[in-house]
Amino acid sequence: MTIVRKAQAGTMQSSDLMVFLEPAPELVIEIESTVKAQFEHLIRAKIEEVLRERGVGAGRVRVTDRGALDYAIQARLETALLRAGGE
Amino acid sequence: MARNSLGREIPERFGGKPLVPYRDPWSTRPAADRATRPLRRADPGDKKLCHDLREAIERAGLRDGMTIATHHHLRNGDHLLNHVVRVIENMGIRDIRIASSSVHPVHAELVEFIREGVITGIECGVNGLIGELASKGELRCPITVRSHGGRARAVASGEVPIDVAFIAAPCCDEQGNMNGLQGPSAFGSMGYAFPDALHARTVVAVTDNLVPYPAAPVSIPQSLVDLVVPVQRLGDPAKIVSTTTRVTTDPVGLQIARYAAQVIEASGRLRDGFSFQTGSGGISLAVAENVRALMRERKVKGSFGCGGVTGYFVDMLEEGLFQALFDVQCFDLRAVESIRKNRAHVEMSADTYANPFNAGAVVNGLDCVILGATEVDVDFNVNANTESNGYLLHNTGGHSDTAAGAAVSIIVAPSIRGRLPIVKDAVTTVTTPGETVDVVVTERGIAVNDTQPELKAELLRRRAPVKDIRELQREIYAVTGTPRALDFEDEVVAVIEYRDGTIIDAVRRVRT
């Protein structure tokens, strides 16, 4: 899957996150989070896992997290990918 | 550096004073008399009334290096502390310590005066920006956090000698008789100001409602008051309500409240004579609603409700479910209205409420107390001071006082807040020691401390979802993942004093 257009998913509510995607020549993951000190490593691992499963190798992935659990990260990122994606 | 009995590293000195590490909740005994202050003499015709705060501060003899106090009944609506410090700065006085009963986000204005060296120490807990900046190492100003009972103790013993107390008086006459019941800034109980009136070297009543003599009823009498100052406005009582004061509608919160009520039921204490305290948070109030329903159903006649008082407790008093309310602080305007009209709604000093070093505090008679937490740990220690980011953001309030006093102390909290697990291996900061915490209730289950084997057995008999606290922690971590520990510098920015004056923890600068 390729990120061909800008897209976003999610909310800024507590325990949720916003995912912003845009096309880019290389894969860049940027994480802002209320629990960055405690959980950045797990947030990053989850994002990388979803991108790998979807075969995304390039694009700018920007996440603004308000303490979302893994399932919410996965759901928001997959939704954003579907909105951003081309065949 | 010494380790206290909870394994926390405590510096030998802080803010120029030697520290005694915490050992346990009970063994520290007072070894001195009450602090004294000079006697005064006032003769007929002597005038207490000052033109403005500046004149009062001059007449009070406030100088560099002294300590002032205010009280926080107007909470985030308080104008007085900022006003007093502005005048102090304007007069060129420096190096002042603040020993108020609490500091709120509205006092963020003080940051500037701390940076300028007008304020150089805070002898009380802080809510909001000041604590956050201190935690980041951006303010040079040692902070000593005290519980409500601990502050009353420290003021009475002279450990914190207050040179000038500024008491916000919503209704006051020119001799200094005052109450909190009447006037545009009426906030109800003046409980936290009583120790100041009794022990400060100079007592200044500040009022926006100067009434013809006598101001009655009298909460604090003229014989304790040196000076009286009129001001435009003490504050905004509509902002007393700074936290949630409605029953939660969140299903997680409601589940926790049901479990907590189950714990109270199983404790066997919900019978005639029942005494109870909750805070003003949404879950606490939901527990109160459940307890109220149980009391009605069983026709239980309770003895007293206590603490910061909300409209929910007023309803229970008026319904006859309690004989009396002991009120150190009104949490909402319905409580203010009630203390004005209900004789069984009793104004209580912070000393009577919670000081461990007097002839008997009200907290000692509590059956159950419901308390919140930002974190608990597998030893049942509770953190109510720092957030999980390590910033000092909350004052202790009556947390450690009521936990020690109540027969059953119950912590209610959601198991996860914004991915942060409530149960940790070790809390970031100990506010209240686990040996005084009996039960932790989350929506995933109830953990009972080994201090309460009978309660645990009874809950199991009732098929309540009792879990070992480590099992509860594992279950939560399975959802959140294991958090990485925060990184702290060695520098101590605040100490958390236990109610007996020993140091239960130190707050260190967060490494950024």
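Is B:Arg419 buried or exposed, and how many C-beta neighbours does B:Arg419 have inside 10 Å? B:Arg419 counts as buried because 27 C-beta neighbours fall inside 10 Å, and the cut-off for buried is 20 or more. The model is predicted.

**Positive phi values**
- Most residues other than glycine have a negative phi, and most peptide bonds are trans.
- B:Arg419 is a residue other than glycine with a positive phi, near 75 degrees.
- The loop that holds B:Arg419 runs between strand E22 (416-417) and strand E23 (420-421) of chain B.
- A:Ser15 also has a positive phi, near 70 degrees, and is not glycine.
- A:Ser15 counts as partly exposed because it has 16 C-beta neighbours inside 10 Å, a count between the limits of 12 or fewer for exposed and 20 or more for buried.

**Hairpin in chain A**
- Strand E2 (residues 7-10) and strand E3 (residues 17-22) of chain A run antiparallel and are joined by four bridges.
- One pairing is that of A:Gln8 with A:Phe20, its bridge partner in E3(A).
- Six residues lie between the two strands of this hairpin, and A:Ser15 sits in that loop between E2 and E3 of chain A.

**Cis peptide bonds in chain B**
- B:Tyr213 and B:Pro214 are joined by a cis peptide bond with omega about -5 degrees.
- The bond from B:Ala216 to B:Pro217 is cis, with omega near 0 degrees.
- B:Pro214 belongs to the loop between strand E12 (202-207) and strand E13 (227-230) of chain B, and B:Pro217 is found in the loop between E12 and E13 of chain B.

**Domains of chain B**
- The domain assignment divides chain B into domain 1 (47-237) and domain 2 (251-484).
- Taken over C-alpha atoms, the centres of domain 1 and domain 2 of chain B are 30 Å apart.
- Domain 1 of chain B gives 33 residues to the contact, and domain 2 of chain B gives 33 residues.
- On the domain 1 side, at least two residues each come from helix H4 (129-135), strand E8 (143-145), helix H5 (148-157) and helix H6 (194-199) of chain B.
- H5(B) supplies the largest share of that side, seven residues.
- By class, the domain 1 side has 14 nonpolar, 15 polar and four charged residues.

**Contact between the chains**
- Chain A contributes 13 residues to the contact and chain B contributes eleven residues.
- The chain B side consists of four nonpolar, five polar and two charged residues.

Notes. Residues are numbered from 1 along each chain as its sequence is written. Chains are lettered from A and ligands numbered from 1 in the order in which they are written. This is a predicted model: local features need pLDDT of at least 70, side-chain atom pairs count only at pLDDT 80 or more; totals for chains, interfaces and linings use all residues. Two residues are in contact if their C-beta atoms, placed from the backbone, lie within 7 Å. Ala, Val, Leu, Ile, Met, Phe, Trp, Tyr, Cys and Pro count as nonpolar, Asp, Glu, Lys and Arg as charged, and the others, Gly among them, as polar. Two strands pair if DSSP finds at least two bridges between them. Domain bounds come from an automatic or database domain assignment.
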